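I opened this model to look up ring pairs, cores and helix packing. My entries are below, in the order I made them.

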Amino acid sequence: ILAKHMSYVQLNKGEFLFVEGDPGTFMGFVLFGLLEVFKTTEKGESVVIARLTKGSPIGEMALIDKSPRSASVQAKQPTTLVTLTEKGFDLLMEKSPQLGVKVIQKIARLLSLNMRRTSSRLADLLRENK
């Protein structure tokens, strides 16, 4: 059922999946390749905050909070993803609420794990700067 609402995206090396500030209209999973996630600092510098490989989720916050993208994502080599659009997610929720709830639970788990990892990194950085 879920596969009916998903599609493939192929990126060439150097191509952007999305840019910070873009509307968040889909999430995806890396099937193969390498993506870099980066944020622009207040000084206008780009800082790589993550590298994503096979199995990594990307853009899951967009399906939950409907906010613009919080970072930019660029392919560092040819990359293929499978994506679930906001519209596809909404249709899934209508047609199969139980499966939709399972997808939401998985997204919540991913967000929780990312928050824990980010909190640990922040603590390490704060400790280093003392």
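The entries start with the ground rules and then go from rings to cores to helices.

**Ground rules.** I am working with a predicted model, in which local features need pLDDT of at least 70 and side-chain atom pairs count only at pLDDT 80 or more, while totals for chains, interfaces and linings use all residues. Residues are numbered from 1 along each chain as its sequence is written, and side-chain values use heavy atoms, with hydrogens and water left out.

**Aromatic pairs.** I looked up ring pairs and found two in the structure. Rings of Phe, Tyr and Trp (its six-membered ring) pair if their centres lie within 6.5 Å; planes under 30 degrees apart count as stacked, over 60 as edge-to-face and the rest as tilted. F16 and F38 are edge-to-face because their planes stand at 70°, with the ring centres 6.0 Å apart. This pair links distant parts of the chain: F16 is in strand β2 (residues 16-18) and F38 is in strand β3 (residues 26-40), 22 residues apart. I take strands (E, at least two residues) and helices (H or I, at least four) as DSSP runs, numbered from the N terminus.

I then checked burial, where buried means under 20% relative accessible area, exposed over 50%, and partly exposed in between (1.4 Å probe, protein chains only). F16 is partly exposed at 39%, whereas F38 counts as buried at 12%.

The other pair is F18 with F26, edge-to-face, at 6.0 Å centre to centre and 70° between the planes. Both F18 and F26 are buried.

**A charge over the rings.** Which residue lies over the face of F18? I found R69 there, 3.9 Å from the ring centre. R69 also lies over the face of F26, at 4.7 Å from the ring centre. The criterion is NZ of Lys or CZ of Arg within 6 Å of the ring centre and within 35 degrees of the ring normal.

**Backbone.** Most residues other than glycine have a negative phi. I noted K66, which is not a glycine, with a positive phi of about 55°. K66 lies in the loop between α1 (60-65) and β6 (72-85) and counts as partly exposed at 43% relative accessibility.

**Cores.** I define a nonpolar core as a set of buried Ala, Val, Leu, Ile, Met, Phe, Trp, Tyr and Cys residues joined through side-chain atoms within 4.5 Å. The largest has 13 residues, of which L17, L35, I58, V73 and L81 touch the most other members. At least two residues each come from β2, β3 and β6, and β3 gives the largest share, four residues. I listed the contacts of V73 (heavy atoms within 4.5 Å). Leaving out residues up to four places away in sequence, V73 touches E15, F16, L17, F18, L35, E36, V37 and I58. Another core, of seven residues, lies apart from the largest one and includes L63, L92, V103 and I107.

**Helix α2.** G88, F89 and L92 are buried in α2. They lie on the same side of α2 because they cover an arc of only 100° around the axis, taken from the directions from the helix axis to the C-beta atoms. The face turned away from this buried side carries the exposed residues K87 and E94. I find α1, β6 and α3 among what covers the buried residues of α2.

**Helix α3.** G100, V103 and I107 are buried in α3. The buried residues of α3 pack against β3, α1 and α2 (86-95).
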